[in-house]
Amino acid sequence: MLASLSVVLLLAGAAFFLGGSVGMLRFPDVYTRLHALTKADNLGLGLVVLGLMLQAESLAAVGKLFVIWLLLLAASATASQLVASWAQENGFAPWRG
Amino acid sequence: MAWLTGLPLAVDLVLGTTLLWLAWRALSSPDLFQAVALFIAFGVILGLVWARLDTIDIALAEIALGAGVTGALLLAALSQLQPAEVDARAAPSATGANEHQAGQPGQTAETADADEAQHKPAVFRALLAAVMGLLLLAALFGLGLVTWQLWEPSSGLTQQVNTHLPESGVEHPVTAVLLNFRGYDTLLEIAVLLLALIGVWSLATASNLGDTTPEPVLAALSRLLAPLMILVAAYLVWVGAHAPGGAFQAGSVLGAAGVLLRLSGWRLPAGAAGWPLRLVLALGVAVFAFIGIAVIGLGEPLLGYPTAWAKHAILVIELAATLSIGAILASLFIGGRP
Amino acid sequence: MQYFYFALILFLLLTLVAGLWRIRRGPTPADRMLAAQLFGTTAAAILLVLAEVSDAPALRDVALVLALLAAITVTAFTRRARISLPPGDDDAR
């Protein structure tokens, strides 16, 4: 039961990673591609971590997995903010239709 | 379902091919920024390759250095190169114009000679490329042959290391090799890092990467991450006694903390930038060399610690080395003598 | 279960390789850095699954370090001196 739930979560995470990559390739400009990146971080990694947590051998391992996810959330949120303001200051206009 | 057994092999093949492709692209890209971005990706893939090879210590060092310091270092170098890069872009078009003039009807003997001189290197270059290509192919063939002959998995020195592990003072074989059995390797590596920093201090000017006030998000991130990095560095030294970790990995994380702090506008207080900084920079080599030589007085060989307190010797050396490596890496990023 | 994990790793690896195209193409430096950031996240996920499949908990420490340092490169990039190209020029390429 736990194992199959874990598989479902891992597959869902993988789907978001696929979405992130497709978005990274297909979206038209920097600002929209930020969106693709954060989907992979928030949900892709989040679901993979959740799936692995169900298989983890100890509470400490669960905690470490959770911390890894939180750290990457902070990293990618900050990175997105910094890149967006960099792009704006350098005069890249957002894509319009 | 026989194809399923091929999955690990498929993973390894994709990793290997991507690694080679990235190496080639990073070296051959004419756009320096793209080369840096590809090199950062190369570091990540290399970390995964080490992880697949079960050399977790190296994977840890590669990821810590690649993600934390090397990328930032290359970007800092790039921003110092920027004016030169613009010059380089302008230069080819200038020579192109000259060549165009040389091809005009009113050609003098002098320019014809110049044409001849330009022609010769082209043939010469092709010849050189052919010779180099042949040599490389031969070397590749030789390497392949040797690998083929060595294909029988040999136990190497693993057996020897495991037999002597109890005498080393630590439980993790890699740490035992690095800090005890082959301590001089590690000592010299730290010395090389120190020499590199002396070189940078003699030649470079400090980068201006963190001079402007940081955005609030960045300030918040460095307040969150810098203490965690110091904590993780301490954890990696501690865990190195019985699992992958150790001074270089911890030092890299510590160095990354320095890089992040510098990027968010932090500066070493003026009082600490003089001899206190130099003391920390030299601490690793000094402590390592001192203990290594002092044991001679106890009748041991150079760098051979008595088993009774090998554990404590290694711990002291690792702590000093971690501090030094961290300080050296951060100083390398900042560049220029403070 | 082993093979499921390896299939997952292979899948994640392939999405990562697909992201390389963005690092190659750009067009702006910001695009390349974003793709590199995605690279790091995907690699962390791969390391975590690999830790599970090869029963090597130490690989989680590698992922931890990767997560901890993931923001540094992008930060260094955005703190660089402003680029000198005329605005908008790069986007059109």
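At which residues of chain C does UniProt place the feature "transmembrane region"? The unreviewed entry places that feature at residues 6-23, 35-53 and 59-77 of chain C; UniProt positions are in the numbering used here, feature names are shortened, and annotations may be inferred rather than shown by experiment.

Colleagues, this is a predicted model, in which local features need pLDDT of at least 70, side-chain atom pairs count only at pLDDT 80 or more, and totals for chains, interfaces and linings use all residues. Residues are numbered from 1 along each chain as its sequence is written, while chains are lettered from A and ligands numbered from 1 in the order in which they are written.

I begin with two of the annotated spans. Residues 35-53 of chain C are 100% helix and 0% strand, with end C-alpha atoms 27 Å apart. Residues 59-77 of chain C are likewise 100% helix and 0% strand, and their end C-alpha atoms lie 28 Å apart. Helices (H or I, at least four residues) and strands (E, at least two) are DSSP runs, numbered from the N terminus.

I turn to the contact between chains C and A. Chain C contributes 39 residues and chain A 42 residues, two residues being in contact if their C-beta atoms, placed from the backbone, lie within 7 Å. On the chain C side, helix 1 (2-25), helix 2 (29-53) and helix 3 (58-78) each supply at least two residues. Helix 2 of chain C gives the largest share of that side, 13 residues.

Finally, chain B has 11 helices and 0 strands. Among its contacts between residues at least 6 apart in sequence, 75% join residues at least 24 apart.
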